[in-house]
Amino acid sequence: MENGVYNTTPFPSSEKPRPIRPRKSKPKQETLPLLSDVSGSAAAEEAMALAAALARAATRLLRGGLPPSAAYPALSSRSRLFCNLPADNEPSAPGGVEEPWEEAEAEILRDVEPVVELVKGILHSGRYEDGGLLCPDDEKVIVEKVLAHHPRLEDKIGCGLEAIMVDKHPGFKRSRCLFVVRTNGDLEDFSYRKCLRASIERAYPSHADRFIDKHLEQMLVRPPPK
């Protein structure tokens, strides 16, 4: 503008005005929606369920871990006698420290020998006549320490256990054996030898074969107590 008059002379071709470049704007950062913003959606429900599950798991671990399973689930649901079966003879976890043979041998003897002597006394000492039912104390030991370890336990107890009986072996009339008396009155014989072997193999997997070869067979053929 010169002397109050606008200068309308165009710019020379060599002095073209610079184009105005638009200012670049920063990209907007996307933020994840809060659970409260998406409540009712499938994603929110899954996230809340996962958080609840993790919280429950953490609480259980802080309280001492997951509850142990029943030692003999088949028995606990099938018979009146199996409510308080021990769960302390579980085999050690893989990778644990193996117990020395001498200590394991003494421990197995303490566990097994009294049971073997009791069974032999029941069968051979004349305490029970053929067809006799075991007294409550003997029945408790036989059920918990012998029958509970039978490889085909459920087949043996069938509809349920009513009592334990002593009678002639169905295939060897000169021998006697133990029978399960079922709640419907049926009888089913079972081998206490199989039960004892399975019990040792379950509780002492590292030493079972050696102990069975060295001790169990000798204990079973030894004359019963008088």
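Mentor: Let us begin with a term: contact means heavy atoms within 4.5 Å. This is a predicted model, in which local features need pLDDT of at least 70 and side-chain atom pairs count only at pLDDT 80 or more, while totals for chains, interfaces and linings use all residues. Residues are numbered from 1 along each chain as its sequence is written, and side-chain values use heavy atoms, with hydrogens and water left out.

Trainee: Which residues does Phe190 touch, not counting residues up to four places away in sequence?

Mentor: Phe190 touches Ile142, Val146, Leu147, His150, Lys156, Ile164, Leu178, Phe179, Val180 and Cys195.

Trainee: Which residues touch the most other members in the largest nonpolar core?

Mentor: A nonpolar core is a set of buried Ala, Val, Leu, Ile, Met, Phe, Trp, Tyr and Cys residues joined through side-chain atoms within 4.5 Å, where buried means under 20% relative accessible area, exposed over 50%, and partly exposed in between, with a 1.4 Å probe and protein chains only. Here the largest core has 35 residues, of which Ile142, Ile164, Leu178, Phe190 and Leu216 touch the most other members. The elements giving two or more residues to this core are α3, α4 (136-145), α5 (153-157), β2 (161-168), β3 (176-182), α6 and α7; helices (H or I, at least four residues) and strands (E, at least two) are DSSP runs, numbered from the N terminus. Helix α3 provides the largest share of this core, 9 residues. A second, separate core of 5 residues includes Ala163, Met165, Phe179 and Val181.

Trainee: How many salt bridges does the structure hold?

Mentor: Side chains of opposite charge can pair when their charged atoms come close. A salt bridge is a side-chain nitrogen of Lys or Arg within 4 Å of a carboxyl oxygen of Asp or Glu, and this structure holds 11 of them. In one of these, the side chains of Glu105 and Lys214 meet at 3.0 Å, N to O. Because Glu105 lies in helix α3 (residues 101-124) and Lys214 in helix α7 (residues 208-221), the pair ties together parts that are 109 residues apart in sequence.

Trainee: What separates Lys120 and Glu117 in helix α3?

Mentor: Lys120 and Glu117 are 3 residues apart in helix α3, and therefore separated by about one helical turn. They form a salt bridge whose closest N and O atoms are 4.0 Å apart; Lys120 is buried, with a relative accessible area of 1%, and Glu117 is partly exposed at 21%.
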